[in-house]
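Dear colleague,

I am handing over the structure below, and my notes on what was found in it follow directly after. Please read them with the coordinates open.

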Amino acid sequence: MKIAMVASEMVPFAKTGGLADVTGALPLALEYCGHEVILIMPGYKCIMDAKLKISRVSKDITTAVIGKNIKVFFIENKNYFNRDGLYGDKNGDYPDNLERFAFFCRRGLDLLKEINFSADILHLHDWQASLTAAYLKNLYSDSSFFSRIKCVLTLHNIGYQGVFAKEEFPKLGFNWRLFDIDGFEFYNKVNLLKGGIIFADFINTVSPTYAQEIQTAELGFGLEGLLRGRKNVLSGILNGVDYSVWDPFTDRFIMQNFSLANLEDKALNKEDLQKTCNLPQDKNIPVLGMVSRLVGQKGLDIFAGGLNELCKLNVQLVILGSGDLKYQDILRAAAEKYPKVISLNLKFDDPLAHKIYAGSDIFLMPSQYEPCGLGQLISLHYGTIPLVFKTGGLADTINKNNGFVFSRYTEEELLKLINQAILVFKNKKKWLALINSAMKCNFSWKVSADKYLALYAKAKK
Ligand code: ADP
C-alpha cells in the first residue's frame, strides 16, 4: 500500500507531545511490514537541529530519509514556519495559525501531485492536518489523481480542535456554504478538527476506550454529537512504544541494564535514583515516580490535593515535569516541607525520565482523561508498576494483573489505592509476580501497525 502521512510534528524533527512520537514510529513499523510510506510536515526552523541529511527538492520543499527509505518532505514558508515555536510563543498561540495550517494542508496535496505519489491512503493527524480531508473532498475531487485517495484522520487529543473566529473562514478558500452546522461552523466559530471529522473517510483515536469516551458530553469537548453520528467509521487503536528507545536491557541512560532474567539489577537503579535525587538510599521505602506535564488533565488536581497526606506515608516521590504555575507552586511548597520525601524536578529532562522509569517501584499516572498515554506503557516494560485512573488508554492497558486502577476520580480514592499498592509492595512475593506480568506485556508498534493496516484496507474498499 502507498501511504502518505500528514502531521505538524514528528520525531526526530519537531516535537511538542505524544503526537510526534506516533508519527515518528508508526511509519517505521509500516515500512517494516513492506509498505511504501512518505511523510509531509512543515519545514520549521528547528528541523535542522535533527542533524539528519536534508536535501532540496524544489524552491520550497526539502526532504530527509528516515528508516530504510521513508522520505519526509518539509514544506517551507518564510512567513509561516520560520519561527522558533511550532504553534506559538510566550504570548500564546500564533494569531495566524489558521492561515499557517491551511497553507500547509493545501501545499501538501499539491506536493503529492508534483512528486507523483499516488497514495492509497492519506493518514492525517490532529487539527493541524485535518483540513487536508476537506480540501481533498471539496477542491481536489475532480482530478482523477486525487479522487481515489481515501483519508484516515487520527485524533490524538480531542481537547485541541483548532478553533478560530468566524471572520477567518474566508482564508480557507471554501465557499461559505461549508460554514454551517454540517460543516466547519462550531458555536459561530470555525472548527478545523470538525471539518476533518466530517470529510475524512475513517476516523480513529489512540485507544478503544477513548473512542467511546469522546462520544459522551463529558469528554467529547462539544464534538460528541458529530462523533456519535460517525460512529460506524470511528475506532480506537492503541499507540505502541518504541522499544529501541525504551528498553531497560539496552537503555544507555540508566545506571544498570536489566531484564526479567536479572531483576535484582533493577534495585541498583533505585539506589542510583535515590542518590541522584538526594533522597535517603533505602530499598524498603517505595519510590513513586511521576513523569508528566503538570496540568489538570494529568490528574494534578487530585494529586496536589492529597499530597500532604501522601507525604506522611513512608514513601518517596520523584516528580519530573513542567506545566501550570499553580501546580508547580503547590509541589514546590510540599518539596520544601518534606525534603526527605519529595524530589521535585521542574524541567524537561529525558535522561532523568529514563532513570525514573527504571528506578521507581510505582509509576503514578492519575490522569483525569488520557487518550492513550505512554508513561504507563514505558513503566510496565521497566517493571515499575503503574497506578492509574480508569480512563481512556489507561483503562485499556492497565488492570489488576499489571498495575493498580482506581475508578472514582477523587483524591481519597487515589490515596486509598496508593496505600493498597504500598501494602502489596511490602509482600515481596506478590510484588515480584506483579513485576513479572508487567514486564511481559507487549505494546510494540508492530501490533499497532497491523491494526492501522487493517483500517487502511477497510478505507480502501
Ligand atoms: P502527553 O499527553 O504529554 O503526550 P504521554 O504519556 O502520551 O503524555 O507522553 C508523554 C511522554 O513525554 C512520555 O514519554 C514521558 O516520559 C515524556 N515526558 C513528559 N514530561 C517530561 C519531562 N518533564 N521530562 C522528560 N520527559 C517527559
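A salt bridge is taken here as a side-chain nitrogen of Lys or Arg within 4 Å of a carboxyl oxygen of Asp or Glu. By this rule, the model, which is a predicted one, holds 20 salt bridges.

One of them joins the side chains of Glu-36 and Lys-2, with 3.8 Å from N to O, and it links distant parts of the chain, since Glu-36 belongs to strand E2 and Lys-2 to strand E1, 34 residues apart. Glu-36 is partly exposed, at a relative accessible area of 42%, and Lys-2 also counts as partly exposed, at 24%.

Another salt bridge pairs Asp-60 with Arg-107 at 2.8 Å, N to O; here Asp-60 sits in the loop between strands E3 and E4, while Arg-107 lies in helix H3, 47 residues apart. Both Asp-60 and Arg-107 are buried, and salt bridges with shared partners join Asp-60, Arg-107 and Glu-114 into one network.

An oxygen atom of the ligand lies 2.7 Å from an N or O atom in the side chain of Tyr-357, and a ligand oxygen is 2.9 Å from a polar backbone atom of Leu-374. The protein covers 87% of the 570 Å² of accessible area that the ligand has on its own.

Best regards

Methods
Residues numbered from 1 in each chain as written. Predicted model: local features only at pLDDT ≥ 70, side-chain atom pairs only at ≥ 80, totals over all residues. Heavy atoms only, no water. Polar contact = N/O pair within 3.5 Å; in protein donor to acceptor, adjacent residues only side chain to side chain. Areas by Shrake-Rupley, 256 points an atom, 1.4 Å probe, with all protein chains shown as cover. Helix = DSSP H or I, 4+ residues; strand = E, 2+ residues; numbered from the N terminus. Buried < 20%, exposed > 50% of the residue type's maximum accessible area, 1.4 Å probe, protein only.
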